[in-house]
Amino acid sequence: MKYLSGIVLLVALLALSVRPSEEACGYEACPKTKTNMINIHMVPHSHDDVGWLKTVDQYFYGHRSNIQHAGVQYIIDTVIAELIKDPSRRFIQVETSFFAKWWAEQSETVKQVVKKLVNEGRLEFTGGAWSMNDEAAVNYQSVIDQFTLGLKFLDDTFGSCARPRIGWQIDPFGHSREQASIFAQMGFDGEFFARMDHRDKNDRKDNLGMEMIWDASDSLSNDEIFTGLLYRHYSAPPGYCFDVHCGDDPIIDTKSYDNNVKSRVDDFLKYVTEVAEHFRSNHIMIPMGDDFQYEDAQVNFKNMDKLIKYVNERQSEGSTFNLFYSTPACYLNSLHEGLQTWPNKTQDFFPYGSDDNSYWTGYYTSRPTQKRFERDGNHILQVAKQLSVFADLNSQQQKEDLEYLREIMGVMQHHDAITGTEKQHVSDDYDRILYDAILGGVNTARDGLRKLTNLPNGEFESCLQLNISECAFTKDGADNVVVTLYNPLAHTSTQYVRVPVKNENYQVTDEKGRVVASEVVPVAWQVLALEFRNNDTQHELVFKASVDKIANYYIKKVASQETKNRFKKVNSLKNATETYDDVEGETVVQTSQIKLVIDNKTGLLKTVEMNGVSENIDQSYGVYRTYDSGAYVFRQYHQADFIVQYEGVEFTVYDGALVKEVHQQFGEYISQVIRIYEGKNLVEIEWQVGPIEREEEFGREVVIIFNSTIASDGVSYTDSNGREMIKRVKDQRENFTPGLDRQPTAANYYPVTSRIALQDSKKRIALLNDRAQGGASMINGQLELMLHRRLVRDDGYGVGEALNEQKYGQPMIARGKVYLILSPSDESTSTSAEREAEKEIHLPFWKFFSRNTGSTTAAAKSLPSFDDFPKSVHLLTLEPFNDDEVLLRVENFLDHTEGKVVSFNIRPIFDYLNGVEIRETTLDGNLPLSNMKRFKFHHDSSGHKPEAVEYFTSAHKPLAAEQSQEASEFSVTLHPMQIRTFIIKTE
């Protein structure tokens, strides 16, 4: 195997023997094709998972070959060495995280060689994000961030020739509409993938529908993108894997008994003839690669060279096939030049069924604590980025910590990371690197707060275990503690804050010394019973806080107060067999806005009244008993193996002035607390599941269920990556008839990353969650979310382990929150309120803890107020971009049915940042919007046959202004769902 050590000598030899070629990249570097022939675009590639069976580092360095033989550093080494040898050769590099790691280890000589290959279009970056992200469990904010990171590295390193034009999502297990929209908003020309429901794919093969125009938004105009499905996964044609990992025959072309040129060419042409029958144009794309291939790229390229030579020699005998090295971008360019029309697509590609018994809907929930931890990582990333801008943090350590957090969050979006489909030791490694990155983010945020607040010596400690009400900073007492709250949202937000404390009396005051109402609440006994929890504190101090960007609240211990501020235990029902006077009755729990009714006999929630409507909602838990579910696949064993608990729930009600709580125990390993807060218009349900029991042959998958009388008629709605909602009709798909005989439930599961809802003409129920989960509506008026899974078998799709997480020597316990909103269905204000709640759940206040030393001479630095932004405008991103540049991204988060066009002025932000000039870019921040020009294709049904190639450009005049210009030049208009991205150059 020859590695890059030989490149320097090879370059010297090339310099002597080869005339310098004229540099051309992008579409200008595409190979010439032939009319009246079938042009076969052969695409060499390696699919390199950023963690799966091995950790990220194990894959990069080639460690642990006993698990899987794969070493990404050697792949890139040998590919570069082979590309140099022949200017016709091509290779696409996809995962920027691996490439950046490799690049950092190269000599200047090697870097110059690679730059030449990039500038000549021979090494082409495709996709280009930090990782090839999943599309079901990710939130759009994190996807945008990791594309920004990857594309910025490429732009900083190589310039415009390295900018990808194609989304290459070949391995994710289903595809979201929002992902397609993100590609369109970045100015990409198209996307390709390899997985689609087997019935959908078969129909498309028969109907020449493998390639289509995807309308990626109900609200955004010009938000469509060409989308293609690879014919046979992403691997080479059967028998033509020339990689050292494969056993297929090489091409032998000497005068030998073993000469096989004729048979190899015959079989190849037979295959491509079959492929061509299922596509509309005279161009087809044949991928040549697979997982971690090209570790000895000489073997691959030598045989592909021969294949090209001998296939094309047949043209002299009348063959109509033309084979050459190409890229997905060059293939799409040929289709664009062909001026054809295409079928259209409007929904998404979930769920993915590889056969009628295998719906890949389990991974929507797999590893629920890791899915939540990823959200925590995004939370501190947004906080640290904003504080870095406001405090102008620019030390080397601060910049490195922030960049590392960005990179690890990019890794976490990978389609075997946030999905929970990796081996356990890899999951442990993801947890390790994410924890390290979060600590760096916490340190950065602390440094920012020391500069911005009146506490220059504040500890500003973060407590990362508040989900089990544990905080080292308050474990010995909360007397003289300052809680500094940071609000990452644009608008002033009012939220309730909970601080772990001892059962003592406290007074909370704000920055002006005003007393803030507070009360002490007992922590649920199920949390106290966690063996690994430090039980120094068994209560929480609750108070309501209102924060623009940063606010301090001061806690001090006081003498005993009247009991009106204490929590009252008003009802305790251990089980239905005990004799209570009102055992047949009901318990009412209410605030001024919400009324809940608990059935005393069953112990279950029975009625919810809020927003002027009342509905019978009984909420409980169900357990699927499954035999051969796995990390990827959810498979019900028998329809009867689904048990819902409808009685026997023990409950206790605590009645406070600020918060009312119903603590419930469902069976042995499921408990929850229902909370309603005074002045907050949503019902919070904090669930705890585990350790899940299992039998030797059967696993368990736990769901939370809400039943109502709403006549939903088989229709529900789920979010697409936290943005637009998509209508789901039970048992139906947009373009084909799904196979439902074997797995009717799994076939109706969809990814829920922030919200699932149903409604009739009068009422609407929405559930909002704190992490990605699978959800469904199997019965009219019913919603379910899968919370946790513990399984006994691998499902056979590669990970090779049963999903059976262990922590602290026992099966994993998971905790989380689901929020319920009941509202009238005919008001757009209902769904806009849901969207505002989504934002608060995704990016709540981050809590920092310091000691109150009493006196300070420091003055808090003023921060810009974003409250001038219209109510529907979200501060999606504010981050350091370069040493003298800041990236600002704003979003109108209402859709076309909920909101309207809004305008506002960003000059105050520009001035606060000492702006010199501002420019608008594509969504990823790396391409000036004025330079954005992407392929436009036409639908079959449009009635328009293009006569020349057409392009999309920006639908509005890109904002570009300088400090000397009038404030009116800084006006920003946002249509519903529109995101605009700006780079502000600062002094």
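User: What makes the contact between Glu82 and Lys85 a salt bridge?

Analyst: Their side chains come together with N to O at 2.8 Å. A salt bridge needs a side-chain nitrogen of Lys or Arg within 4 Å of a carboxyl oxygen of Asp or Glu, so this pair qualifies. Applied throughout, the rule gives 67 salt bridges. One caution: the model is predicted, so local features need pLDDT of at least 70 and side-chain atom pairs pLDDT 80 or more, while totals for chains, interfaces and linings use all residues. Numbering runs from 1 along each chain as its sequence is written, and side-chain values rest on heavy atoms, with hydrogens and water left out.

User: Where do Glu82 and Lys85 sit?

Analyst: Both are in helix 3 (residues 72-85), three residues apart, about one turn of the helix. Helices here are DSSP runs of H or I with at least four residues, and strands are E runs of at least two, numbered from the N terminus.

User: What about Arg700 and Glu695?

Analyst: Their closest N and O atoms are 2.9 Å apart, a salt bridge again. Arg700, at 9%, is buried, whereas Glu695, at 29%, is partly exposed.

User: Which parts of the chain does the Arg675 and Glu661 pair link?

Analyst: The side chains of Arg675 and Glu661 form a salt bridge at 2.7 Å, N to O. This pair links distant parts of the chain, with Arg675 in strand 29 (residues 670-677) and Glu661 in strand 28 (residues 659-666), 14 residues apart. Both residues are buried.

User: How do you know that the largest cavity is a cavity, and the second largest pocket a pocket?

Analyst: Both are sets of points on a 1 Å grid over the protein atoms alone: in a cavity a 1.4 Å probe fits but cannot get out, while a pocket is an open set with protein on both sides within 12 Å along at least five of seven lines. Lining residues have an atom within 4 Å of a point. Points are joined across faces, edges and corners, and the volume is the space filled by probe spheres set on them. The second largest pocket holds about 1,000 Å³. Of its 44 lining residues, those closest to the centre are Pro880, Phe881, Asn882, Asp883 and Glu885. Helix 13 gives the most to that lining, ten residues. The largest cavity has about 190 Å³. Among its 18 lining residues, Asn139, Ser754, Glu838, Ile841 and His842 are closest to the centre.

User: What makes the largest nonpolar core a core?

Analyst: The label calls for buried Ala, Val, Leu, Ile, Met, Phe, Trp, Tyr and Cys residues joined through side-chain atoms within 4.5 Å. The largest such set has 196 residues, and Phe99, Val114 and Leu123 have the most contacts inside it. Helix 14 (residues 424-452) supplies the largest share, ten residues. With contact meaning heavy atoms within 4.5 Å, Phe99 touches Ile76, Gln93, Val114, Leu123, Phe125, Phe153 and Phe158, leaving aside neighbours within four places in sequence. A second, separate core has 42 residues, including Val608 and Leu767.

Key. Buried means under 20% relative accessible area, exposed over 50%, partly exposed in between (1.4 Å probe, protein chains only).
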